[in-house]
Amino acid sequence: MTNHPKFRKMVELLRSKFFVAEGEHDEFPVIELGPFEGSGETYSLVYLEPGIYPQHIHDDSDAKFLFHSGEGMAIIGQEKREVPFRAGSVIEVPQGIPHGFNVVKEGIFVAWQSKPITDLATGKRDVHYA
């Protein structure tokens with residue numbers, strides 16, 4: 001897990017409230033929150049260091065990313081369309097569409113998922129690499 005001070009502070013706050021899972025999921029640190037009763041939605045806090053994060057796919061979940069900080073490009077779709085992001089950016093990715101990141105400046109974003117990425121009963125994750 002990262003030593004980034006703002007991220008660590010969020011981890012501690014969330015752990016005391018409604019923490020679900022923390023760890024190195026695939027290529028980057030993620031804190032998964034939810035699923036929330038009634039909606040099945042989940043939210044994740046994600047920390048990205050500078051670098052390239054390969055495209056991955058969620059077969060059963062739409063995603064929306066709200067960037068708190070950082071700078072770079074989201075790489076979307078088979079055609080690898082580059083979508084710039086920075087603090088305040090929102091990027092939407094429908095289920096089944098590959099997406100990854102080319103991060104220039106470290107950052108934190110909130111990812112909303114229409115269905116949980118991790119099935120809490122089985123531990124199975126709805127993520128595979130393109």
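In which sense do strand 4 and strand 11 pair, and over how many bridges?

1. Strand 4 and strand 11 (residues 128-129) pair in the antiparallel sense over two bridges, where strands are DSSP runs of E with at least two residues, numbered from the N terminus, and two strands pair if DSSP finds at least two bridges between them. In this pairing His56 stands opposite Tyr129 in strand 11.

2. As to provenance, this is a predicted model, in which local features need pLDDT of at least 70 and side-chain atom pairs count only at pLDDT 80 or more, while totals for chains, interfaces and linings use all residues. Residues are numbered from 1 along each chain as its sequence is written, and side-chain values use heavy atoms, with hydrogens and water left out.

3. Strand 4 (residues 51-57) also pairs with strand 9 (residues 99-105), again in the antiparallel sense, over four bridges, and His56 stands opposite His99 there. Strand 9 is in turn joined to strand 6 by six bridges, the two running antiparallel, with Ala74 opposite Phe101.

4. These pairings belong to an open sheet of five strands in the order 7-6-9-4-11, with antiparallel pairing. Strand 7 and strand 11 each have a single partner strand and stand at the edges, so one side of each lacks a neighbour in the sheet.

5. Phe101 deserves a separate look: leaving aside residues up to four places away in sequence, the residues it touches include Leu48, Phe65, Phe67, Met73, Phe85 and Phe109, contact meaning heavy atoms within 4.5 Å.

6. The structure holds two salt bridges, each defined as a side-chain nitrogen of Lys or Arg within 4 Å of a carboxyl oxygen of Asp or Glu. One joins Lys64 and Glu92 (3.9 Å, N to O); since Lys64 lies in strand 5 and Glu92 in strand 8, the pair ties together parts that are 28 residues apart in sequence. Glu79 forms a salt bridge with Arg81, with the closest N and O atoms 4.0 Å apart; Glu79 is exposed at 57% relative accessible area, whereas Arg81, at 44%, counts as partly exposed.

Definitions and conventions
Buried < 20%, exposed > 50% of the residue type's maximum accessible area, 1.4 Å probe, protein only.
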